[in-house]
Every structure is written in C-alpha cells, then in structure tokens.
Amino acid sequence: MKILIAYYSETGNTEKVARAIQEEVADGHDVRLCKISEITADDLKDYGLVFLGAPCHGSDLAPPLKKFLEALPQSPRFKLAGFFTHATYAPDEHTGGKEIFAEWAGKCIASFESPCGEKQIEFLGYFHCMGAPSPPIEKFIRGKVISSEEEWRSYMSEVRTRPDSKDLQNARTFARTIISKL
Ligand SMILES: Cc1cc2nc3c(=O)[nH]c(=O)nc-3n(C[C@H](O)[C@H](O)[C@H](O)COP(=O)(O)O)c2cc1C
C-alpha cells in the first residue's frame with residue numbers, strides 16, 4: 001500500500017514522531033515522508049493511507065495543518081490518521097492532567113475529527129505526546145501558566161526530554177494499530 005506521512009514541525013518534536021511512524025510502517029509498504037509544505041491536498045489521491053501531524057499551537061493544531069485539513073477533498077479513497085505534540089501534560093500522565101490537557105490542547109482532536117466527519121473521510125485514530133517547548137514558549141508557560149517554583153522544576157524535568165524513547169515507541173505501536181485497521 002502507498003502510505004504518506006506528512007508533518008509540520010518547528011523545533012523537531014513532531015518530526016521525531018513522524019520518523020518513528022515511518023520506521024514502523026516502512027516494511028512492506030511504499031512510504032513517503034515529507035513536510036506539509038511540500039504537498040497539496042490533491043497529492044493525497046495517490047495514497048491508501050495518510051498520516052498527518054503537527055504541534056499544538058494555541059490549544060489547537062498548528063495553522064498549516066488546520067488549513068491543510070480544511071482543503072481535503074470530499075469522500076476520498078485514502079484513510080486518515082493524525083498525530084500531534086504539545087507542551088502541556090498528557091491527560092493520563094499528571095494529576096489533573098485531563099483538565100490541563102483540555103485547556104491547553106483540547107481542540108486538537110476535534111480539529112482532526114470534524115473535517116473528516118464533514119467530508120466522509122475515514123479517520124482511523126490519533127496519537128499525541130508531550131514535546132519540549134521552545135525558549136519563547138517556555139518563557140510564556142513560566143510567566144502565565146505555572147507560577148510556583150516547585151511545580152516549574154517538576155514540569156521542566158518532565159517535558160525537557162520529550163518526546164523520549166517511550167513516546168516514540170508508543171508512536172510505533174500507534175502506527176501498527178492503524179495498519180491493523182486497514
Ligand atoms: C506559537 C506556539 C504556540 C504553542 N501553543 C501551545 C499550546 O497552546 N498548548 C501546548 O500544549 N503547547 C503549545 N506549544 C508548544 C508545542 O506544541 C510543543 O512544544 C511541540 O512539541 C512543538 O513541536 P515541534 O517541535 O514539532 O514544532 C506552542 C508552541 C508554539 C511555537
């Protein structure tokens with residue numbers, strides 16, 4: 001099967017996830033990995049499965065991927081899967097993580113699901129994990145989101161190395177699960 005993995009990534013976190021997915025699905029499939037900026041929605045017609053990914057920006061998928069999803073065709077042949085990285089805690093990794101995730105990354109999942117629902121695109125699932133913030137975003141979080149020094153130290157020790165090898169292993173498991181749904 002022809003599989004496309006296309007991503008937007010500013011500081012490399014989402015790209016790492018895209019590469020882990022590529023490594024997992026490469027065996028036995030014809031796989032192309034590229035940046036979202038290198039393709040148009042029309043190019044997707046050649047593929048049976050498309051993975052699209054981006055970082056979370058402003059609690060939602062980053063604009064380049066949002067725009068790309070909006071441009072997808074009606075009832076295409078390809079099936080879709082999504083992935084994203086975010087600086088906020090994942091829902092199951094922190095006390096109160098569900099609420100924190102909902103506030104800081106809560107629109108990402110609907111931004112995959114809504115266009116797929118509207119356009120009869122079969123959406124097979126999504127993967128997400130934490131990704132270390134860039135220095136300006138780190139400064140924003142330190143100033144506006146986390147005020148206590150203790151919480152900040154704990155947060156930074158958690159996020160600094162993400163996505164880590166466990167995240168990338170989880171991304172590979174996700175990719176296998178998606179393939180098994182075909
Ligand atoms: C402009 C901007 C806005 C961001 N907004 C959020 C946000 O609302 N919630 C969040 O969890 N992370 C946010 N982040 C952090 C990124 O989603 C996170 O660090 C991600 O892993 C970066 O991925 P990349 O290296 O592929 O660009 C933001 C980052 C940038 C640059």
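This is a predicted model: local features need pLDDT of at least 70, side-chain atom pairs count only at pLDDT 80 or more; totals for chains, interfaces and linings use all residues.
Visitor: What is the phi of Q120?

Guide: Most residues other than glycine have a negative phi. Q120 is not a glycine, yet its phi is positive, near 50°.

Visitor: Where is S59, which also has a positive phi?

Guide: S59 belongs to the loop between strand 3 and strand 4 (60-61). Its phi is about 65°, and S59 is not a glycine. S59 has 16 C-beta neighbours inside 10 Å, so it counts as partly exposed.

Visitor: Which residues does a cis peptide bond join?

Guide: Most peptide bonds are trans. Here a cis bond links R162 to P163, with omega at about -5°. P163 is in the loop between helix 6 (149-159) and helix 7 (165-180).

Visitor: How should I read the packing of helix 1 and helix 7?

Guide: Two packed helices are described by the angle between their axes and the distance between the axes. For helix 1 and helix 7, the axes come within 8 Å and cross at roughly 50°. That angle makes helix 1 oblique to helix 7. The crossing of the two helices is right-handed.

Visitor: Which residues make the contact between helix 1 and helix 7?

Guide: Helix 1 contributes K16, V17, A20, I21, E23, E24 and V25. Helix 7 contributes L168, A171, R172, A175, R176 and I179. By class, this contact has eight nonpolar and five charged residues, with no polar ones.

Visitor: At what angle do helix 2 and helix 4 pack?

Guide: Helix 2 (residues 63-70) and helix 4 (residues 108-118) pack at about 15°, and their axes are 9 Å apart. Because angles under 35 degrees count as roughly parallel, helix 2 is roughly parallel to helix 4. Their crossing is right-handed. On the helix 2 side the contact is made by K66, L69 and E70, and on the helix 4 side by S111, F112 and P115. These residues divide into three nonpolar, one polar and two charged.

Visitor: Which residues does K45 touch?

Guide: Residues up to four places away in sequence are not counted, and K45 then touches P76 and R77. K45 is in the loop between strand 2 (30-35) and strand 3. It has 10 other C-beta atoms within 10 Å, so K45 is exposed. The C-alpha atoms of K45 and P73 are 9.0 Å apart, and the two residues are 28 residues apart along the chain.

Visitor: Is C56 buried or exposed?

Guide: C56 is buried, because it has 23 C-beta neighbours inside 10 Å. This residue is part of strand 3. With neighbours within four places in sequence left aside, C56 is in contact with L61, F84, T85, H86, A105 and C108. S154 is 98 residues from C56 along the chain, and their C-alpha atoms are separated by 21 Å.

Visitor: Which residues come nearest to the ligand?

Guide: There are 23 residues around the ligand, and of these S9, T14, P55, H86 and G131 come nearest. The elements giving two or more residues to the shell are helix 1 (13-25), strand 3 (49-57), strand 5 (79-86) and helix 3 (97-105).

Visitor: How do the residues of that shell divide by class?

Guide: The shell around the ligand has eight nonpolar, 13 polar and two charged residues.

Notes
Residues are numbered from 1 along each chain as its sequence is written. Axes are lines fitted to C-alpha atoms, for helices over the stretch in contact, and angles run from 0 to 180 degrees between N-to-C directions. Helices (H or I, at least four residues) and strands (E, at least two) are DSSP runs, numbered from the N terminus. Angles under 35 degrees count as roughly parallel, over 145 as roughly antiparallel, 65 to 115 as roughly perpendicular and the rest as oblique. A crossing is left-handed if the near helix is turned anticlockwise from the far one by less than a right angle, and right-handed if clockwise. Two residues are in contact if their C-beta atoms, placed from the backbone, lie within 7 Å. Ala, Val, Leu, Ile, Met, Phe, Trp, Tyr, Cys and Pro count as nonpolar, Asp, Glu, Lys and Arg as charged, and the others, Gly among them, as polar. A residue is near a molecule or strand if its C-beta atom, placed from the backbone, lies within 6 Å of it. A residue is buried if 20 or more other C-beta atoms lie within 10 Å of its own, exposed if 12 or fewer, and partly exposed in between; C-beta atoms are placed from the backbone.
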